Amino acid sequence: THQAGSLLQANGNNGPGGNLSLIANQLSVAGTVQANGSTGGSINFTTQTSNINSGALIQANGNNGPGGQITLQSVNDQNINNAQFQANGSIDGGSILITTTQGDLNFQNSLIQTNGAAGRGGQIIVEANQGSSNISGAVESIGALSGGNILFTANNITLNSDSKIFAYGNNAGGSVLVGGDWQGASGVYKATSVLMNAGSVI
């Protein structure tokens, strides 16, 4: 358990961010976890169930290069509420993977970012291929040059009215796939249902 106000860091003050790995049966994060640096570092969570909430801030930002990598892998349910995941870069964005192999993913009032301030957006993958995903909040892979890639896969996906999914750039857009690719192309997992509520934006 990482409580509100707690701080766990592997920052590089004059170099790249470091590597952080947490393995637990039940993971609860409500504080700040950072692997920031000139280039973003690596943060890996492996757990049976996860609760990321109460203003949790998870960062692998690059202040003089690309963003880093954040991975949150669980077997069972993931509950993310009022949290921020950032792998932004001063050039290109990094990558964020949030996946559950058997459970549901509940993403509420939260933010995922892999923005690239001078290059392209990064990559974001959110998977619950044996369950459902309920999305409320902002997911961004924005680049100064081009947008990045965002992928949501699950059996059932709901985009609530306040969900905002952006993958744009000044010169070129990126890609956003929700529940599959065109006519099942590229081997992307195909959802049984996708509900995009009024007010949600892609």
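Good morning. The chain exposes about 8,600 Å², and carbon and sulfur atoms supply 45% of that area. Please keep in mind throughout that this is a predicted model.

Let me begin with the chain as a whole. Its secondary structure comes to 15 strands and zero helices. The radius of gyration is 16 Å, close to the 17 Å that the globule rule gives for 202 residues, so the chain is as compact as a globular protein of that length. Along its principal axes, the C-alpha trace spans about 45 × 45 × 30 Å. Of the 202 residues, 52% are buried. If we take the contacts with a separation of 6 or more, 70% of them are between residues 24 or more positions apart.

I now turn to one strand, β12, which covers residues 149-159. How many of its eleven residues are buried? The number is nine, and the strand is thus described as mostly covered.

Which strands are joined to β12? I shall take three of them in turn. Strand β11, residues 123-140, runs parallel to β12, and ten bridges join the two. Within this pairing, V126 has F152 of β12 as its bridge partner. Strand β14, residues 175-178, also runs parallel to β12 and is joined to it by four bridges. Here I150 stands opposite V176 of β14. Strand β15, residues 193-196, is again parallel to β12, with four bridges between them. In that case L159 has M196 of β15 as its bridge partner.

The largest nonpolar core has 37 residues. Which of them have the most contacts inside it? They are I43, I52, F85, I112 and F152. Several strands, including β2 (19-29), β4 (42-52), β6 (69-74), β9 (95-100) and β10 (105-113), each supply at least two residues of this core. Leaving aside its neighbours within four places in sequence, I112 is in contact with F85, I96, I98, F107, I124, V126, A138, V139 and E140.

Why does L177 count as partly exposed? The reason is its relative accessibility, which is 23%. Beyond its neighbours within four places in sequence, L177 is in contact with I150, L151, F152 and V188. L177 and N76 are 101 residues apart along the chain, and their C-alpha atoms are separated by 23 Å.

Finally, I come to the aromatic rings. A pair of aromatic rings is described by the distance of the centres and the angle of the planes. The structure holds one aromatic pair. The rings of F166 and Y168 have centres 5.9 Å apart and planes at 65 degrees, so this pair is edge-to-face. F166 is partly exposed, with a relative accessible area of 26%. Y168 is also partly exposed, and its relative accessible area is 46%.

Thank you for your attention.

Methods:
Residues are numbered from 1 along each chain as its sequence is written. This is a predicted model: local features need pLDDT of at least 70, side-chain atom pairs count only at pLDDT 80 or more; totals for chains, interfaces and linings use all residues. Side-chain values use heavy atoms; hydrogens and water are left out. Buried means under 20% relative accessible area, exposed over 50%, partly exposed in between (1.4 Å probe, protein chains only). Two strands pair if DSSP finds at least two bridges between them. A nonpolar core is a set of buried Ala, Val, Leu, Ile, Met, Phe, Trp, Tyr and Cys residues joined through side-chain atoms within 4.5 Å. Contact means heavy atoms within 4.5 Å. The radius of gyration is taken over C-alpha atoms; the globule rule is 2.2 Å times the number of residues to the power 0.38. Accessible areas come from the Shrake-Rupley method with a 1.4 Å probe; for residues, only the protein chains shown count as cover. Rings of Phe, Tyr and Trp (its six-membered ring) pair if their centres lie within 6.5 Å; planes under 30 degrees apart count as stacked, over 60 as edge-to-face and the rest as tilted.
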